[in-house]
Structure formats: structure tokens, C-alpha cells
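Hi,

Here is the model I promised to pass on. Have a look at it first, and then read my notes below.

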Amino acid sequence: MNETVVSNDTPKDEPAKVQEQPKYDPATEQKISSQRDAVIAAILEERPRFVVAFEKMHVEGHTIMLEVPSQTLYEEIMRSKTEILLQIVRTAGINGSLEMEIKVNEQIRAARPIKLEDRIKYMIERNPQLATLKSLLDMEYE
């Protein structure tokens with residue numbers, strides 16, 4: 001007959017070898033505030049669309065508070081949340097976890113021209129060579 005022997009291989013006297021990392025860095029708010037420009041530059045380099053939200057970010061404890069102008073941007077940021085938080089942790093030198101809270105505020109609007117004439121005027125103000133290009137190509141816009 002076959003005998004099955006069950007042995008317990010875990011010694012009782014061994015201490016746990018796992019080092020626990022601090023859950024939250026108490027200086028998170030200060031570190032992010034001092035590295036704010038570097039954090040925004042890092043986000044701008046990787047995800048330029050998100051800069052609108054991060055320019056007005058504020059930190060409360062270990063939580064980054066953001067306001068976004070649309071549900072679409074909210075969903076995009078949430079899909080990339082882990083990557084963004086890791087990037088902020090690396091850039092600011094935070095030892096511990098970081099959280100993000102995002103609110104959708106449709107009252108926020110970027111200062112962009114709305115009418116076609118306003119858009120063209122805005123683009124020509126930004127780059128006067130567009131007026132030359134328009135005349136060379138004999139373009140009309142209505």
C-alpha cells in the first residue's frame with residue numbers, strides 16, 4: 001500500500017525576510033511641490049495631453065488632486081494612472097505609495113478660439129508665416 005507523508009517544511013523559528021517598504025512617505029507633499037516643474041516636464045514629455053490637468057494639480061498628504069475638463073480626459077488618465085504615478089514617484093524621489101484623485105469639471109475650458117476666424121487669427125498670431133502660406137496657396141476659408 002502507498003503511504004502519503006505530509007511534511008511541513010516551514011521552520012517555526014525563522015523570522016520573516018521580507019522588508020516592508022513604508023506605506024506612505026511623510027514628505028510627499030513637500031517633495032512634489034519642490035519638484036513640480038520637473039514632474040510637469042516629465043509628463044509633458046511622455047503624455048502632452050495630460051499637462052492641462054497636471055498644471056493645476058495640488059497635493060494633499062499622499063494624494064494628488066486633479067481637475068480635468070472632460071470625461072474623455074479623465075478616462076485616459078485613469079487608463080495610464082499607474083504609469084503616471086510611477087513617473088511622479090521617480091521624478092520627485094518619493095519613498096512609498098502615492099494616490100491620485102481626479103474630478104471632472106466641465107466648467108474648465110482652455111483659452112482656445114471658437115470661431116473659424118478667431119482660430120485663424122490665433123494661429124497667425126502664433127506663427128505669422130501662416131499668412132504668407134495662405135496667400136501663396138491662394139487659400140480661402142469660410
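Among contacts (heavy atoms within 4.5 Å) in the protein chain that join residues at least 6 apart in sequence, 68% link residues at least 24 apart. Please keep in mind that this is a predicted model, in which local features need pLDDT of at least 70 and side-chain atom pairs count only at pLDDT 80 or more, while totals for chains, interfaces and linings use all residues. Residues are numbered from 1 along each chain as its sequence is written, and side-chain values use heavy atoms, with hydrogens and water left out.

The protein chain has seven helices and three strands, where helices (H or I, at least four residues) and strands (E, at least two) are DSSP runs numbered from the N terminus. Along the sequence they follow the pattern α-α-α-β-β-α-α-β-α-α.

The three strands make an open sheet with mixed pairing, in the order E1-E2-E3; two strands pair if DSSP finds at least two bridges between them. Strand E1 (58-60) and strand E3 (99-104) are at the edges with a single partner strand each, so one side of each has no neighbour in the sheet. From one strand to the next, the twist averages 30 degrees. Six bridges join strand E2 (residues 63-68) to E3 in the parallel sense, and Val 68 sits opposite Val 104 in E3.

Two helices lie across E2 and E3: helix H4 (residues 71-79), at about 165 degrees to E3, and helix H5 (residues 81-92), at about 125 degrees to E3. For these angles, axes are lines fitted to C-alpha atoms, for helices over the stretch in contact, and angles run from 0 to 180 degrees between N-to-C directions.

Leaving aside residues up to four places away in sequence, Phe 54 touches Arg 36, Ile 40, Ile 43, Leu 66, Ile 84, Ile 88 and Met 100.

Finally, Ala 38 belongs to helix H2 (residues 36-46). Ala 38 counts as partly exposed because its relative accessibility is 31% (buried means under 20% relative accessible area, exposed over 50%, partly exposed in between, with a 1.4 Å probe and protein chains only).

Best wishes
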